[in-house]
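Let's take a friendly walk through a protein together.

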Amino acid sequence: GPQWVQASQLFREMADSRVARDTITCNAAVRACEKGQHWAQAVQLFRGMADTRVARATITYKAAVSACEKGQQWVQAMHF
């Protein structure tokens with residue numbers, strides 16, 4: 001399947017296997033969704049980082065905003 005789908009599946013499997021998510025793995029998942037033009041999934045992952053206390057890096061914000069831009073979701077992007 002598409003890379004964003006594979007990234008999302010791996011990300012879920014990490015949680016199922018109790019593998020800790022960190023900034024790098026979260027960034028990769030958000031970027032995969034952004035590249036696949038799935039803004040809602042990118043936003044969900046981005047917001048989930050705060051819920052799990054994973055630090056957001058500049059690249060995380062950039063990927064989330066870019067995903068919203070590609071989906072023409074300017075209001076969503078303004079809430080970051």
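In which helix is the place of Gln-6? Gln-6 sits in helix 1, which covers residues 3-16. Before we go further, a word on the model: it is predicted, so local features need pLDDT of at least 70 and side-chain atom pairs count only at pLDDT 80 or more, while totals for chains, interfaces and linings use all residues. Residues are numbered from 1 along each chain as its sequence is written, and side-chain values use heavy atoms, leaving out hydrogens and water.

Now to the overall fold. The protein has five helices and zero strands; here helices (H or I, at least four residues) and strands (E, at least two) are DSSP runs, numbered from the N terminus. Read from the N terminus on, the elements run α-α-α-α-α. The radius of gyration of the protein is 12 Å, close to the 12 Å that the globule rule gives for 80 residues, so the protein is as compact as a globular protein of that length. This radius is taken over C-alpha atoms, and the globule rule is 2.2 Å times the number of residues to the power 0.38. Along the principal axes, the C-alpha atoms fill a box of roughly 35 × 30 × 15 Å.

What about inside and outside? Of the 80 residues, 30% count as buried. Buried means under 20% relative accessible area, exposed means over 50%, and partly exposed lies in between (1.4 Å probe, protein chains only). Gln-6 counts as partly exposed, at 39% relative accessibility. The C-alpha atoms of Gln-6 and Val-54 are separated by 21 Å, and these two residues are 48 residues apart along the chain.

Let's finish with the cysteines. A disulfide is a covalent bond between the sulfur atoms of two cysteines. How many disulfides does the structure hold? The structure holds zero disulfides, where a disulfide is counted as a pair of cysteine sulfur atoms within 2.5 Å. Cys-68 is in no disulfide either, and its nearest cysteine sulfur, that of Cys-33, is 11 Å away. Is Cys-26 buried or exposed? Cys-26 is buried, with a relative accessible area of 3%. Cys-68 is buried too, with a relative accessible area of 0%.
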